[in-house]
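Subject: Handover of a structure and the findings on it

Dear colleague,

Please find below the structure that I am handing over to you.

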Amino acid sequence: MTAQANELLEKANIEPEIHEIVNQKVFTENCGEAKICTLLFVPSIYESSAEQRKQYLAEFMEVAKKNRKNPVVYFWLAAGDQLDLERKLNLGFGYPAVLAVSRTKNVVATVRSSFSVQNTNEFITKVMTGSAAVSPLPQGGLEFKKVAAWDGKDAPVIEEEPLDYDPADL
């Protein structure tokens with residue numbers, strides 16, 4: 001029955017949902033106990049453009065479509081929005097970063113290669129077959145603070161105040 005439903009979804013080209021984590025409720029309500037939850041941390045909008053972010057999300061959608069037969073739920077969030085959590089997860093190696101969480105097993109696996117559709121698909125295969133390297137979830141699990149949802153635009157320009165100095169003072 002599930003295989004038949006997945007086949008129909010694929011034929012209809014219905015896109016799986018990718019949730020933007022803007023608060024704890026989004027994650028808790030959509031990351032059920034019996035599922036693998038995959039998180040994509042995209043670069044801060046101040047470090048990339050809206051076009052680049054949309055490309056990362058499009059690539060993540062390709063992964064979600066290819067793996068729709070697996071019990072995986074997809075999430076994304078911007079680097080820097082959950083800095084305490086990023087530190088607990090040791091995500092200081094650069095973005096985009098992908099990880100998978102099993103709340104029932106209380107473990108997390110992190111992609112250690114560059115972000116691409118192929119590498120992320122291979123990672124999900126390893127997660128589903130149990131061959132991905134895992135670490136325990138941080139103490140207290142994954143806690144997300146409330147942040148503003150992305151408006152789909154580039155970062156606003158930061159206006160700098162002109163320096164008021166006298167060259168003679170140098």
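I begin with Ser44, which lies in the loop between E2 and H3. Please bear in mind throughout that the model is predicted. Is Ser44 buried or exposed? Ser44 counts as buried, because its relative accessibility is 15% and the cut-off for buried is under 20%. Leaving aside neighbours within four places in sequence, Ser44 is in contact with Arg53 and Ala79.

The sheet

Six strands make up an open sheet, and their order across it is E1-E3-E2-E4-E5-E6. The pairing in this sheet is mixed. Which strands stand at the edges? They are strand E1 (18-20) and strand E6 (135-136). Each of the two has a single partner strand, so one side of each is left without a neighbour in the sheet.

Within the sheet, E4 and E5 pair in the antiparallel sense, over four bridges. Ala100 stands opposite Ala109, a residue of E5. Helix H5 packs on the sheet and touches E2, E3, E4 and E5. The direction of H5 makes about 15 degrees with that of E4.

The helices H3 and H5

Helix H3 covers residues 50-66, and helix H5 covers residues 117-129. Their axes come within 9 Å and cross at roughly 40 degrees, and the crossing is right-handed. On the side of H3, the contact is made by Glu59, Glu62, Val63 and Lys66; on the side of H5, it is made by Val117, Thr120, Asn121 and Ile124. What kinds of residue are these? In the contact of H3 with H5, three are nonpolar, two are polar and three are charged.

Another residue of helix H3 is Met61. Met61 counts as buried, because its relative accessibility is 13% and buried means under 20%. Not counting residues up to four places away in sequence, Met61 touches Glu15, Pro16 and Ile18. Met61 and Pro16 are 45 residues apart along the chain, and their C-alpha atoms are separated by 7.3 Å.

The nonpolar cores

How many residues does the largest nonpolar core have? It has 24 residues, and those with the most contacts inside it are Leu40, Tyr74, Phe123 and Val127. The elements that give two or more residues to this core are strand E2 (36-42), H3, strand E3 (72-78), E4 and H5. The largest share, six residues, comes from H3.

To return to Phe123, it touches Val98, Leu99, Ala100, Ala109, Thr110 and Val111, not counting residues up to four places away in sequence.

Features of the backbone

Most residues other than glycine have a negative phi, and most peptide bonds are trans.

Where is the cis peptide bond found? It joins Tyr95 and Pro96, with omega at about 10 degrees. Pro96 lies in the loop between helix H4 (83-88) and strand E4 (97-102).

The loop between H4 and E4 also holds Asn90. The phi of Asn90 is near 55 degrees, a positive value in a residue other than glycine. Asn90 is exposed, because its relative accessible area is 57% and the cut-off for exposed is over 50%.

Asn106 likewise has a positive phi, near 60 degrees, and is a residue other than glycine. It is found in the loop between E4 and strand E5 (107-110). With a relative accessible area of 47%, Asn106 is partly exposed.

A last pair of residues

Gly32 is found in the loop between helix H2 (24-30) and E2. At 23% relative accessibility, Gly32 counts as partly exposed. How many residues separate Gly32 from Arg103 in sequence, and what is the distance in space? The two are 71 residues apart in sequence and 7.9 Å apart in space, C-alpha to C-alpha.

Yours sincerely,
A colleague

Methods
Residues are numbered from 1 along each chain as its sequence is written. This is a predicted model: local features need pLDDT of at least 70, side-chain atom pairs count only at pLDDT 80 or more; totals for chains, interfaces and linings use all residues. Side-chain values use heavy atoms; hydrogens and water are left out. Buried means under 20% relative accessible area, exposed over 50%, partly exposed in between (1.4 Å probe, protein chains only). Axes are lines fitted to C-alpha atoms, for helices over the stretch in contact, and angles run from 0 to 180 degrees between N-to-C directions. A crossing is left-handed if the near helix is turned anticlockwise from the far one by less than a right angle, and right-handed if clockwise. Contact means heavy atoms within 4.5 Å. Ala, Val, Leu, Ile, Met, Phe, Trp, Tyr, Cys and Pro count as nonpolar, Asp, Glu, Lys and Arg as charged, and the others, Gly among them, as polar. A nonpolar core is a set of buried Ala, Val, Leu, Ile, Met, Phe, Trp, Tyr and Cys residues joined through side-chain atoms within 4.5 Å. Two strands pair if DSSP finds at least two bridges between them.
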